[in-house]
Amino acid sequence: MPEPPDPADPHQPIPHSAPWWRHAVIYQVYPRSFADADGDGIGDLPGVTSRLPYLADLGVDAVWLSPFYVSPMADAGYDVADYRDVDPLFGTLADADELIARAHELGIRVLVDLVPNHTSDEHAWFREALAAGPGSRERARYVFRDGSGPDGSEPPNNWKSVFGGLAWTRVQEADGSPGQWYLHLFDDKQPDLDWRNPEVVEEFHDVLRFWLDRGVDGFRVDVAHSLVKAEGLPDWTVRTGMLGDQGEDGTEDAGEPATTDPRTKELGPMWDQEEVHEIYRGWRRVLEEYNPSGDPDQDRILCAEAWLPSQERTMRYVRPDEMHQAFNFQFLEMSWRAEDVREVVDTSLRAADEVGAPTTWVLSNHDVVRHASRLGLPVGSPRPNGIGAGSEQPNPVLGLRRARAATTLMMALPGSAYVYNGEELGLPDHTALPDRLRQDPAFHRTAGVELGRDGCRVPLPWVADEPSYGFGPGPRSWLPQPLLYGPLAADRQEGVSSSTLELYRTLLRLRREHDLGVGGLHWEGGWGPDVLAFRNAREDGRPVTVVANLGEDLLDLPEGLEVLVASGRLEDGRLPQDTTVWLA
Ligand code: GLC
């Protein structure tokens with residue numbers, strides 16, 4: 001019988017020579033909001049390229065770019081009309097090549113976003129499917145079905161869209177008669193592909209190769225757990241939602257709200273089907289063709305976006321012959337309580353170690369309220385689906401303080417960490433966007449019941465004294481920037497030692513210097529219930545001790561250790577509430 005693992009040692013160090021993706025810090029660029037070179041108010045690829053030196057200074061290992069492909073932008077580019085070209089809003093293929101080349105010169109790897117569950121309804125395949133009619137090879141690339149009811153006027157089953165409303169839309173046939181229905185788990189402009197069709201599988205191998213040939217280092221895979229649907233498309237009475245999104249969807253036939261406890265949440269027949277894993281084994285083989293010698297430095301990677309109820313289910317996507325990484329949404333969802341944080345860290349490390357994958361850590365992305373706002377709500381509040389002028393407003397000072405403490409903790413954890421653009425500036429969400437400016441399809445499809453994700457997508461402030469805070473050359477920005485983005489602009493924080501930008505730079509530098517990404521984790525005993533204390537040590541190095549104080553009492557720090565970095569000011573050498581420190 002193997003020894004049961006010591007609860008104080010949930011994770012052992014891995015060799016210093018481990019492949020880059022086991023410990024990388026990966027920065028998410030949301031292209032429409034990062035930097036606008038041409039002044040149309042929407043960020044673009046030349047804007048990203050112009051700011052790559054900033055990312056090199058920040059110390060990131062890689063960037064992941066949200067979609068920049070040709071798209072009618074019904075879901076901000078997650079509705080792709082051509083996977084092999086750049087939308088004119090963002091630039092050209094030559095701009096993408098330039099970005100990749102410049103990033104590589106600066107030692108930054110580039111991941112692009114692949115959206116395989118659905119195309120845009122403006123994709124050539126979908127237009128062909130509409131024109132070709134029922135039973136055609138063209139329709140077989142999507143999930144078309146006849147309607148139910150005597151005249152086919154009812155949808156084929158009762159599935160609901162993640163964004164609200166029905167997951168089916170009826171088409172008009174070429175002769176003008178009411179026709180078949182197509183499935184869309186998201187917006188009606190995002191028809192789902194049929195991944196049981198080998199032509200779809202082939203097409204995406206080809207798309208992978210297209211971007212690998214252009215030099216990308218990997219892919220973030222959008223809703224990776226939804227590609228295959230259960231045979232027969234059985235009814236499902238619980239609201240279709242990704243983790244944390246359950247509840248009323250604002251339509252009359254919303255179905256029963258799902259339980260909100262992610263650990264007991266049942267997944268519907270549209271998620272996490274066994275057959276999906278074979279697809280990723282195929283993708284892995286394509287990626288490995290690009291690294292025939294197996295040089296770990298040359299690894300191309302896949303990262304799954306899969307909102308699943310447990311780490312165990314998620315880790316099935318990163319078994320040795322599948323993907324490399326999966327987002328750790330349990331970490332993003334955790335409440336700011338020491339015991340909850342510890343439990344998530346333990347489970348994450350153990351579940352990843354079981355399959356030999358690295359764990360990842362993430363606190364913010366383009367789909368959730370930024371952690372500087374989220375953590376400013378009372379501890380234990382459910383994760384909000386957008387914050388508006390009429391919602392309970394987060395406490396911005398507390399939110400930022402906790403966000404800095406949470407990030408300082410995260411950057412000391414072994415594995416790979418994700419940073420969402422602007423979090424290094426301590427940006428909060430825009431929490432009072434006027435409804436008429438909201439663009440998220442989820443807002444419109446739920447008639448405003450879900451405020452949606454626009455608040456975390458507001459363009460970044462670079463220069464406090466310029467129009468649009470330096471986002472672009474002119475005053476335009478596709479969503480208005482709140483006034484408090486001015487003092488948080490990058491130029492105001494540069495060189496200011498107490499700023500969030502300098503905190504991130506320091507954390508990333510020290511993380512690299514101390515090899516924390518490949519270290520082992522050992523929990524330190526003897527601290528109170530509101531404290532997280534651990535040592536991260538690599539095989540041969542001096543350990544870094546990390547203490548996060550989530551309780552009210554000021555904490556004395558261990559003697560003989562020097563402070564490397566702290567998320568906030570110490571008080572007479574003692575650690576105050578909502579502050580994390582690294583010691584060595
Ligand atoms: C993913 C993306 C999200 C998008 C959805 C549909 O969850 O992160 O932004 O709306 O997939 O593509």
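This is a predicted model: local features need pLDDT of at least 70, side-chain atom pairs count only at pLDDT 80 or more; totals for chains, interfaces and linings use all residues.

Colleague: Is Met73 buried or exposed?

Modeller: A residue counts as buried when its relative accessible area is under 20%. The relative accessible area of Met73 is 18%. Met73 is therefore classed as buried.

Colleague: What is the phi of Met73 near?

Modeller: Most residues other than glycine have a negative phi. Met73 is a residue other than glycine, yet its phi is positive. The value is near 65 degrees.

Colleague: Where is Asp515 found, and what is its phi?

Modeller: Asp515 is found in the loop between helix 15 (500-513) and strand 14 (520-523). At 17% relative accessibility, Asp515 counts as buried. Although Asp515 is not a glycine, its phi is positive, at about 55 degrees.

Colleague: Let us turn to the ligand. How many residues surround the ligand, and how many of the shell are charged?

Modeller: The ligand is surrounded by 14 residues, and the closest are Asp75, Asp222, Glu305, His366 and Asp367. The shell divides into four nonpolar and three polar residues, and the charged ones number seven.

Colleague: How far is a polar side-chain atom of Asp75 from an oxygen atom of the ligand, and what share of the ligand does the protein bury?

Modeller: An N or O atom in the side chain of His366 is 2.9 Å from an oxygen atom of the ligand, and for the side chain of Arg453 the distance is also 2.9 Å. For Asp75, a polar side-chain atom lies 2.6 Å from a ligand oxygen. Taken alone, the ligand exposes 300 Å², and the share of this that the protein buries is 100%.

Colleague: Which cavity corresponds to the space taken by the ligand?

Modeller: The question concerns the space that the ligand takes up.

Colleague: With which side chain does the side chain of Gln311 make a polar contact?

Modeller: Gln311 lies in helix 8 (residues 311-315). Gln311 counts as buried because its relative accessibility is 5%. At 2.9 Å, its side chain makes a polar contact with the side chain of Asn328.

Technical notes. Residues are numbered from 1 along each chain as its sequence is written. Side-chain values use heavy atoms; hydrogens and water are left out. A residue is near a molecule or strand if one of its heavy atoms lies within 4 Å of it. A polar contact is a pair of N or O atoms within 3.5 Å; within protein, one must be able to donate a hydrogen and the other to accept it, and residues adjacent in sequence count only if both atoms are side-chain atoms. Accessible areas come from the Shrake-Rupley method with a 1.4 Å probe; for residues, only the protein chains shown count as cover. On a 1 Å grid over the protein atoms alone, a cavity is a set of points where a 1.4 Å probe fits but cannot get out, and a pocket is an open set with protein on both sides within 12 Å along at least five of seven lines; lining residues have an atom within 4 Å of a point. A molecule sits in a cavity or pocket if more than half of its atoms lie within 2 Å of its grid points. Ala, Val, Leu, Ile, Met, Phe, Trp, Tyr, Cys and Pro count as nonpolar, Asp, Glu, Lys and Arg as charged, and the others, Gly among them, as polar. Helices (H or I, at least four residues) and strands (E, at least two) are DSSP runs, numbered from the N terminus. Buried means under 20% relative accessible area, exposed over 50%, partly exposed in between (1.4 Å probe, protein chains only).
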